[in-house]
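Got a minute to go through some labels and ask what backs each of them up? Here is the chain to look at.

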Amino acid sequence: KMSFNKNGSKAAAVTGFMLGSAITTLVSLYLTRTTRTSGNNGTAQKSRSSSTSLSLSSASASASSRQNEKEIIIPPEIRSEQLSRNELYFGPAGMESIVGASILIVGLGGVGSHTAHMLARAGVGYLRLVDFDQVTLSSLNRHACATLEDVGIPKVECLKRFLYKVCGNHCDIDLRVQMYTGDVEKDGDMMTCPPSKGNGQKGKWDIVIDAIDDVPTKARLLAHCIKNDIRVISCMGAGGKSDMTRLHISDLKTASRDPLASKLRQTLKRTLKKDKDVKDLSFLEDVDQVAVIYSSEKVVVKLADFTEEQKKEGIHKFGAVDNMRIRVIPVLGTMPAIMGQSLAAMALCELGGKPFNPMSGERLGRNVRHKLFQHFKNRESKFRQRLEIEAKEEEDASKSVSDADETNSPRMINGSWVGPAQIDSDDVEYVFSEVWRNRCCVSGDTLGTVLELSRWDLSKPCHCKNIVLLGVKAMVKFDEAMAASGDGRNSVPYELRQKIEARLASCKVDSRA
């Protein structure tokens, strides 16, 4: 790790970075020479070659290395074959959208490097990579493509070198060796998408990927995206965790048991509360505006303690950048890799026209699914009985609830569809977790309250595309409106009703379809 006095000038900071790079390279050279002396002559010759390569990978030699790099021109037919499997998955139109996309990735460490790596391999046409840091020896346990030869060079430069060998002239990679600050004067045009790039509105990013591990900087980036209506996918904490089965994708409000997510919510609220352009905090529950990937696993190991040297000289003197974490987070390399790949998968599926509906939180148990399913069937049976009584069909209305729900064939009564439930317990989990993400579709209440299923449009069958999740208060208002006007949807404001119906339109009729 590099260190310099907190009160030093910018010139001192630059000097610190260069010094840190030189020290890291010297350590690597030492290790290489140690290996060389312990081997035979043949091994020694290979070690000398490796030592030379490693020394050339320092920051001071990176410019001449780039100049000597051969240009790679990939013919269209070869490129087409490279992307053939992706095109089979997304189709020609989806693949064209991916190739024409422009994506900004901020943070190219363990998470961001894997995201950038897969986006480039998948055919994304324009990537801007932003990171101020350099590859260190400790980076090699989690970085997507860094090797010993890359130690000491900027992380973004390391990625560009590697990805150029894969994509050649077909991926425009724009590097920014700088830190995002949120200050336009310092950041320059970092956040500005080139006018000729992007599938949608020209000069606007298709997606921004946030792979920053510092809360204040992370909050500033998300605030910028929210204020400028830019789609952003953000990664929460990957350090100190290992259980990949606990990973979830959700809105920011739902992210639970993640210390970084909790701090980010608080910081973001304080930041945007002062901004007059942001009218409310609806972005916290809008996964289509801000999506986050997080782990609900409790942190297994804590931050590393300060060293005796840090304690002796003064902790405030250490750290690569002012106001950033000094203590080191233990990281199992597999977790940031999986989270970074997940960010790439979500981005690609959105761009390619095959977005998925991530499950939010824990899965429903079998008993819970069965209970919800029985409640829904009972609700439908009572609704049918009421309609039959109103229609004076006494022979049907006299049947018990348990007999009425499955024995009567589907039909229309006074404009309302009645019949057996068109779903099963597996569909219940799909509707609950994937369609409505364990939230009341009206209030946004989560599993902390009682939630039940209800048919939305009474004139249509009760399949997955016509079932909503309602909390207690919303259900009461829905039933009151249904009794008064015959349509429970009248209890929902028009704009929200449009969103609910758009969500239902994107669902499957059958969860197994």
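Predicted model: local features only at pLDDT ≥ 70, side-chain atom pairs only at ≥ 80, totals over all residues.

Q: Why is Ile72 called partly exposed?
A: Its relative accessible area is 29%. Buried would need under 20% and exposed over 50%, so with 29% Ile72 gets the in-between label.

Q: Where is Ile72 found?
A: Ile72 is in the loop between α3 (62-68) and α4 (76-82).

Q: Which residues is Ile72 in contact with, leaving aside neighbours within four places in sequence?
A: Tyr164, Lys165, Gly168 and Asn169. Contact here takes heavy atoms within 4.5 Å.

Q: What makes strand β2 mostly covered?
A: Five of the five residues in β2 (126-130) are buried, and buried means under 20% relative accessible area. Tyr126, Arg128 and Val130 sit on one side, Leu127 and Leu129 on the other. Side chains in a regular strand alternate between the two faces of the sheet.

Q: How do you know that β1 and β2 pair?
A: Pairing takes at least two bridges, and β1 (residues 102-106) and β2 have five, in the parallel sense. One of the links is Leu104, whose bridge partner in β2 is Arg128. The chain gets from β1 to β2 through helix α6 (residues 110-121), in a right-handed β-α-β crossover.

Q: What makes β2 and β3 a pair?
A: Five bridges in the parallel sense join β2 and β3 (residues 172-176), against a cut-off of at least two. Leu129 has Leu175 as its bridge partner in β3. Helix α7 (residues 155-167) carries the crossover from β2 to β3, which is right-handed.

Note on methods. Residues numbered from 1 in each chain as written. Heavy atoms only, no water. Helix = DSSP H or I, 4+ residues; strand = E, 2+ residues; numbered from the N terminus. Buried < 20%, exposed > 50% of the residue type's maximum accessible area, 1.4 Å probe, protein only. Right-handed = clockwise from strand over helix to strand, strands pointing away.
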